[in-house]
Amino acid sequence: MKNWKFYNALFIRVVFVMIPFFFCVFLIHKTLYYNAILVGFFVLLLLSEMYFYIKNQSSFYDKTLLSILQNDFSTNFPEEHKKENFKTLYLLYNKLKVQQQEQTSKDLIYKSILNNIDTGTLILEKENEDWKIFLMNDCFSKLFKVPKVSHWNYLKNYLPSLCDEIENVGFAELKSAISIKIEDQDLQTFMLQTSYTKTYDKEYFIILLDSIQRVIEKKEKEAWINLMKIISHELMNSLTPIRALSQNLLQIVDQEQLEEDDFEDIKSSISTIINRSDHLQVFVENYRKLAMLPTPTKKMTPINTLFEDCMRIMSPILKAENIELINEINSSRSILIDKNQMEQVIINLITNSIYALKEKNEKKMFLSSYTENNRFFIRISDNGKGIDEEIRDKVFLPFFTTRKDGAGIGLTLSKNIIEAHGGYLSYQTDEDKTSFVICLI
């Protein structure tokens with residue numbers, strides 16, 4: 001670091017030392033030894049002062065740089081050094097001090113966030129060939145009743161099953177269910193997810209643990225909240241006009257004399273009330289269909305027969321809509337199903353595809369089936385408009401529909417029927433094709 005004041009002061013001292021030094025040499029040359037000794041002593045004093053001046057300057061540099069290296073910004077920088085010889089050093093010191101304070105604040109915020117999430121979080125940091133615990137959040141500590149130990153080997157004493165599982169895969173990334181015994185309690189199942197990351201010369205291993213029961217309860221709660229929103233919406237859409245019309249009728253009949261227009265209003269109001277009541281009745285009936293789905297009566301049913309009966313119903317509609325059907329199902333095998341319920345599922349899915357193809361010029365529908373890993377799959381696809389990203393998590397939600405004349409129970413009912421058969425219903429969508437896949441075990 002260039003510091004001209006320091007160099008100027010040092011230069012002046014060197015000049016003041018050199019002048020008496022040459023004068024001392026001159027006195028020795030003139031054999032004025034006593035005078036030379038006196039001047040030489042003065043030279044030594046000047047050298048001593050210059051030595052301590054340089055030493056003080058250097059020691060302050062060393063002390064300050066050592067504090068920076070050790071991230072120790074607790075000492076106050078002397079005021080006299082802020083504007084003079086050490087101005088540049090002060091600016092560096094102060095900038096690093098501010099950065100360290102900001103980083104400390106960020107670390108506190110990050111730790112606060114991690115300590116307030118409901119997922120057990122453990123972050124390991126690699127030191128040589130061992131792992132030490134970089135961070136254990138409060139949820140992890142409370143969930144497994146583990147003190148905030150500092151080393152992986154200490155944690156193994158409390159959670160051997162978790163540590164063994166991670167060590168067996170060599171601290172590799174994984175996502176699986178794991179059963180963990182907490183103290184004297186029964187085994188509990190958790191969803192384990194790990195990830196590995198490396199920054200500069202540091203290696204970190206992140207472990208996330210979530211109680212499966214808690215995840216299920218959270219999903220159930222979200223489903224109930226969404227369902228209640230839809231039910232409330234449907235009820236209010238009918239009850240609000242019924243109440244308003246009822247109040248209007250009450251005002252009309254309270255009149256002493258009714259005119260012809262009043263009778264027209266009464267008829268119109270009663271007609272609207274009946275329509276809204278019918279809508280509520282249909283809504284309740286649909287809810288009963290979902291809530292009171294009968295247990296499947298399973299019988300061995302040929303696959304070809306199942307689809308022949310479905311297509312006998314749907315073929316006229318497909319022809320009327322000019323939809324090209326590409327049927328690749330030609331199997332001699334039979335599956336154990338409730339034929340009536342499975343027909344209902346297939347017809348629901350084909351009906352949805354017909355609706356998705358409404359605005360397409362070239363309309364194509366694909367039917368296929370295949371067997372894989374002792375599972376039988378039925379795929380119903382179309383080249384329609386697909387499922388918008390913002391509604392993909394709602395397609396199986398009861399009473400959710402994008403159709404003006406839809407009840408919003410087709411996919412929900414289909415999903416419930418497939419699950420009652422021990423299988424599952426899923427969908428895949430991309431730019432060219434949307435597919436609903438029935439999986440039966």
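Predicted model: local features only at pLDDT ≥ 70, side-chain atom pairs only at ≥ 80, totals over all residues.
Biologist: How many salt bridges does the structure hold?
Modeller: It holds 12. The criterion is a side-chain nitrogen of Lys or Arg within 4 Å of a carboxyl oxygen of Asp or Glu.

Biologist: Which residue does Glu125 form a salt bridge with?
Modeller: Lys132, with the closest N and O atoms 4.0 Å apart. Glu127 also meets Lys132 in a salt bridge, at 3.3 Å, N to O.

Biologist: Is Glu125 buried or exposed?
Modeller: Glu125 counts as buried because its relative accessibility is 6%. Buried means under 20% relative accessible area, exposed over 50%, partly exposed in between (1.4 Å probe, protein chains only). Lys132 is partly exposed at 28%. Glu127 is partly exposed at 44%.

Biologist: Which residues do shared partners join into one network?
Modeller: Glu125, Glu127, Lys132 and Lys202.

Biologist: New topic. Which residues form the negative surface patch?
Modeller: Glu259, Glu260, Asp261, Glu264 and Asp265. Patch residues have over 30% relative accessible area and no salt bridge; like charges are joined within 9 Å, and nonpolar side chains (Val, Leu, Ile, Met, Phe, Trp, Tyr) within 5 Å. Asp and Glu count as negative, Lys and Arg as positive; His and the chain ends are not counted. A charge is placed at NZ of Lys, CZ of Arg, CG of Asp or CD of Glu. Areas come from the Shrake-Rupley method with a 1.4 Å probe, and for residues only the protein chains shown count as cover.

Biologist: Where does Glu260 lie?
Modeller: In helix 9, residues 260-291. Helices (H or I, at least four residues) and strands (E, at least two) are DSSP runs, numbered from the N terminus. Glu260 is exposed, at 66%.

Biologist: How many disulfides does a search find?
Modeller: Zero, over the whole structure. The test is a pair of cysteine sulfur atoms within 2.5 Å. Cys139 is buried at 17%, and Cys439 is buried at 0%.

Biologist: What about the phi of Asn128?
Modeller: Positive, about 60 degrees, although Asn128 is not a glycine. Asn128 sits in the loop between strand 1 (120-127) and strand 2 (130-136). At 72%, Asn128 is exposed.

Biologist: And what is phi of Asn322 near?
Modeller: Near 55 degrees. Asn322 is in the loop between helix 10 (303-320) and strand 7 (324-327).

Methods:
Residues numbered from 1 in each chain as written. Heavy atoms only, no water.
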